Amino acid sequence: MASFRVEGGHQLLGEIIPQGAKNEALQIISAVLLTDQEVVINKIPQIRDVLKLIDLLADLGVDITENGSESYTFKAANVNLDFLNTDDFKEKASSLRGSIMILGPLLGRFGTGKMPKPGGDKIGRRRLDTHFVGFQSLGAKFNYDAKTSFYTVDGTNLKGAYMLLDEASVTGTANIIMAAVMAGGLTTIYNAACEPYIQQLCKMLIRMGATIEGVGSNLLRIEGVKSLNGTEHTLLPDMIEVGSFIGMAAMTGSDITIKDVQIKELGIIPDTFKRLGIKMNFVGDDIHIPAQDHYEIESYIDGSILTIADAIWPGLTPDLLSVILVTATQARGTALIHQKMFESRLFFVDKLIDMGAQIILCDPHRATVIGLDKAYSLRGITMTSPDIRAGVSLLIAAMSAEGVSTIHNIDQIDRGYQFIDDRLNSMGAKIERLS
């Protein structure tokens with residue numbers, strides 16, 4: 001199990017370019033299964049989850065050419081469906097939660113699919129009902145074998161349907177879209193997720209020949225087509241990395257510029273950090289965060305404590321709440337962090353408390369953070385990363401702390417952030433990777 005040794009107290013200086021969006025990459029890469037023609041995808045992040053999905057597609061028979069470090073050409077002309085019945089597929093797919101995203105394209109194009117119960121972060125219950133109920137609405141039949149933890153889905157002759165999703169799941173919406181684009185007739189999806197990642201998927205599919213209306217809203221209308229063509233697509237910058245770098249700059253008192261962030265696609269993320277008192281300047285599509293000795297949390301008009309909560313888009317993405325929480329620990333003022341969507345994502349605050357942060361964990365969903373206003377530094381400790389987002393939040397805490405911290409299980413961080421130690425060290429951080 002690899003670890004980071006982090007020497008805290010160093011300011012960062014310079015520019016950093018965010019990687020391509022991980023969450024978009026998983027669904028865009030899966031969508032190459034919908035056509036037998038070439039699909040070129042640019043800005044693919046070189047992170048573990050994405051590379052494992054690419055390997056899985058190669059095992060399925062997809063011809064993959066690496067054009068450059070972040071650009072690949074995919075051609076799914078000779079997909080080997082028999083691979084779905086192998087132990088190798090079960091082992092690889094079950095270790096990657098994103099593997100569920102290949103099910104929609106397989107059903108849409110081939111009318112069949114199999115999937116072991118996926119793994120992923122231990123951040124609470126993350127059910128797959130939205131995916132399967134959507135597939136069932138299109139006429140698919142599925143069976144779950146509890147002994148083997150395997151889903152088998154028959155999607156022969158999918159037909160368009162009306163459906164109201166029980167939750168605005170990003171992955172569920174994406175999977176249903178990819179199944180519906182080649183189903184016969186009209187599919188109407190209410191309560192669809194409308195994150196930029198979903199918009200990107202829809203725009204790519206439209207370029208491939210799909211007929212989709214309502215892109216950017218929570219009501220999608222999809223008229224099925226018989227086949228799709230190839231295309232070229234470039235991923236958005238990862239909004240979670242952008243938010244992580246903003247919080248990191250504030251915690252370490254650094255002066256950094258985050259390049260090419262596509263500000264219009266960030267929604268309320270910059271404004272949320274501004275509510276913590278963090279100053280930033282927008283220069284074209286770059287965000288400059290100047291060094292600040294202090295930053296102060298806003299309060300409501302009546303003087304009550306600010307609450308920051310996640311919500312479906314265009315609300316705040318839940319993936320940034322852990323970063324916002326750790327950033328608030330050195331602010332002036334108090335904030336209530338309310339994680340509504342996952343019941344275990346706040347279960348890393350005990351490590352911040354051990355570092356000297358003043359946090360009250362109210363329940364599995366809420367934590368009250370009393371900012372230290374940089375009057376006292378956090379102190380370095382030894383800790384273990386429980387998931388991707390908590391892991392990078394602990395890294396931010398360690399970089400701002402006094403002394404040395406050791407973070408174990410950084411494989412979790414590597415799943416979401418490419419070469420994060422090298423990139424930050426080039427700006428002045430002191431992070432050593434230990435095997």
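User: Why is the contact between the side chains of Asp319 and Arg345 called a salt bridge?

Analyst: This is a predicted model, and everything here is computed from it. The N to O distance between Asp319 and Arg345 is 2.7 Å. A salt bridge needs a side-chain nitrogen of Lys or Arg within 4 Å of a carboxyl oxygen of Asp or Glu, so the pair qualifies. The two residues link distant parts of the chain, 26 residues apart. Asp319 sits in the loop between strand S17 (306-309) and helix H10 (321-328), while Arg345 is in the loop between strand S18 (334-338) and helix H11 (349-354). Both Asp319 and Arg345 are buried.

User: How many salt bridges does a search of the whole structure find?

Analyst: The search finds 18 salt bridges. In general terms, side chains of opposite charge can pair when their charged atoms come close.

User: What makes Arg48 and Asp414 a salt bridge, and which parts does the pair tie together?

Analyst: The N to O distance here is 4.0 Å. Since the cut-off is within 4 Å, the pair of Arg48 and Asp414 counts as a salt bridge. Arg48 belongs to helix H2 (residues 48-59) and Asp414 to helix H13 (residues 411-414), so the pair ties together parts 366 residues apart in sequence. These two residues also belong to a network of salt bridges that links Arg48, Asp411, Asp414, Asp421 and Arg433.

User: How do you know whether Arg48 and Asp414 are buried, partly exposed or exposed?

Analyst: Compare each value with the limits: under 20% relative accessible area is buried, over 50% is exposed, and in between is partly exposed. Asp414 has 10%, so Asp414 is buried. Arg48 has 35%, so Arg48 is partly exposed.

User: What is the distance in the salt bridge of Lys92 with Asp88, and where do the two residues lie?

Analyst: The closest N and O atoms of Lys92 and Asp88 are 3.6 Å apart. Both residues lie in helix H3 (residues 87-94), 4 residues apart, about one turn of the helix. With a relative accessible area of 32%, Lys92 is partly exposed, and Asp88, at 33%, is partly exposed too.

User: Let's turn to the surface. What makes Tyr162, Leu164 and Tyr190 a nonpolar patch?

Analyst: Residues in a patch need over 30% relative accessible area and no salt bridge, and nonpolar side chains are joined within 5 Å. Tyr162, Leu164 and Tyr190 form such a patch, with about 340 Å² of accessible area together. Take Leu164, which lies in strand S9 (residues 162-164). At 58% relative accessibility, Leu164 is over the 50% limit and therefore counts as exposed.

User: Which value of phi makes Asn191 stand out, and where is Asn191 placed?

Analyst: Phi of Asn191 is near 60 degrees, a positive value in a residue other than glycine. Asn191 is found in the loop between strand S10 (186-190) and helix H7 (196-207). Its relative accessibility of 22% falls between the limits, so Asn191 counts as partly exposed.

User: What is the phi of Asp260?

Analyst: Asp260 has a positive phi of about 50 degrees although it is not a glycine. Asp260 is in the loop between strand S14 (255-258) and helix H9 (269-275). At 47% relative accessibility, Asp260 counts as partly exposed.

User: What lies around the second largest pocket?

Analyst: The second largest pocket holds about 260 Å³ of space. Of its 16 lining residues, the closest to the centre are Met251, Thr252, Gly253, Lys374 and Ser400. Helix H8 (239-252) and helix H12 (388-400) each supply at least two residues of the lining. The lining divides into 5 nonpolar, 9 polar and 2 charged residues.

Definitions and conventions:
Residues numbered from 1 in each chain as written. Predicted model: local features only at pLDDT ≥ 70, side-chain atom pairs only at ≥ 80, totals over all residues. Heavy atoms only, no water. Buried < 20%, exposed > 50% of the residue type's maximum accessible area, 1.4 Å probe, protein only. 1 Å grid on protein atoms, 1.4 Å probe; cavity = no way out; pocket = protein on both sides within 12 Å on 5 of 7 lines; lining within 4 Å. Points joined across faces, edges and corners; volume = space filled by probe spheres on them. Nonpolar A, V, L, I, M, F, W, Y, C, P; charged D, E, K, R; others polar. Patch = residues over 30% accessible without salt bridge, like charges linked within 9 Å, V, L, I, M, F, W, Y side chains within 5 Å. Areas by Shrake-Rupley, 256 points an atom, 1.4 Å probe, with all protein chains shown as cover.
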